[in-house]
Amino acid sequence: MSKMPVIYVVSDSVGETAELVTKAALSQFDGSDIIIKRFPFVEDETNVDEVISLTKYEDGMIVFTLVRPEIRQYMREAAAKAGIVAYDIIGPLIDQIQVLTGKAPLFEPGLIHKLDEEYFKKVEAIEFAVKYDDGRDPRGIIKADLVLIGVSRTSKTPLSQFLAHRRIKVANVPIVPEVDPPDELFTISPKKCFGLKISPEKLNGIRRERLRTLGLNDDATYAKVERINEELQYFEKLVERIGCPVIDVTNKAVEETANIIHNIYQKNLTTG
């Protein structure tokens, strides 16, 4: 059995940009059992020699983002001498922008992370919201900045995503009478948890429309007023037990609810 190919992602910063571009290229090959090994903070020729040696040993290739021209040049020469493919992602673009603008580059590693730190926090929060959506993993309750709880169709998922774009990590948990709530809900601070309340009439309309959209009978138990009242009564008892704030989302847009939650969250951060 032949060994899997290896790509060394080399950078004079943390290497996220090079790894992201490499993964984007690999997605065109359906993953293709290629191993990515990140080699960050390459600052001198010794570091380059080390990664060249490793790549040569594993019969792999190098993808690199090195902004300092002398290290970039050394990488190209050392790779060519070793018979290794080393693909420069950022160098040619820097050179062309220099020609276009007539300005000299700063040649300072890691600037993108200073500029885009908020962007990466946003991406991390969005990925968190997806991972811990709909109570998939109760461990997310402990890790989250905020936890949303509510019965089905109270906009928990869109709220989680909306808040994630504000760099807040949100987990959400569906409340169902037949399912015991996760123990983690009772171990976190009540300030961290938000209950989403809705009127039975509004929820009935939303659920009936949801069933029709799915091509199902809108008279199913899921949309019956009796069932909805049962769920909401269970929800009320649970939020009272937790002691968390409750927001009525009956006549609120997602953006409006998100603003309320965000403001309370920010206030809690400043007051402790």
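Two strands count as paired if DSSP finds at least two bridges between them. Helices (H or I, at least four residues) and strands (E, at least two) are DSSP runs, numbered from the N terminus. The model is predicted: local features need pLDDT of at least 70 and side-chain atom pairs count only at pLDDT 80 or more, while totals for chains, interfaces and linings use all residues. Residues are numbered from 1 along each chain as its sequence is written, and side-chain values use heavy atoms, with hydrogens and water left out.

**Stop 1: the sheet with S1 to S4**

Start with the open sheet of four strands, ordered S2-S1-S3-S4 with parallel pairing. Select 35-39 and 86-88 to see its edge strands, S2 and S4, each of which pairs on one side only. On average, and ignoring direction, neighbouring strands here are turned by 20° against each other. Angles run from 0 to 180 degrees between N-to-C directions, and axes are lines fitted to C-alpha atoms, for helices over the stretch in contact.

Next, select S1 (residues 6-11), which pairs with S2 in the parallel sense over five bridges. Show tyrosine 8 and its bridge partner in S2, lysine 37.

**Stop 2: H2 and H3**

Then select H2 (residues 45-58) together with H3 (residues 69-82): the two pack at an angle of about 30°, their axes 10 Å apart. H2 is therefore roughly parallel to H3 (angles under 35 degrees count as roughly parallel, over 145 as roughly antiparallel, 65 to 115 as roughly perpendicular and the rest as oblique).

Which residues make the contact? On H2, show Glu45, Val48, Asp49, Val51, Ile52 and Lys56; on H3, show Ile71, Tyr74, Met75, Ala78, Ala79 and Ala82. Contact means heavy atoms within 4.5 Å. By class, the contact has nine nonpolar, no polar and three charged residues (Ala, Val, Leu, Ile, Met, Phe, Trp, Tyr, Cys and Pro count as nonpolar, Asp, Glu, Lys and Arg as charged, and the others, Gly among them, as polar).

**Stop 3: the sheet with S5 to S8**

Move to the open sheet in which four strands follow the order S6-S5-S7-S8, with parallel pairing. Its edge strands are S6 (170-174) and S8 (246-248), each pairing on one side only. Neighbouring strands of this sheet are turned by 25° against each other on average, direction ignored.

Select S7 (residues 193-197), which pairs with S8 in the parallel sense over three bridges. Glycine 195 stands opposite valine 246 of S8. Finish with H10 (residues 225-242), which lies across S5 (146-150), S7 and S8 and runs at about 155° to S7.
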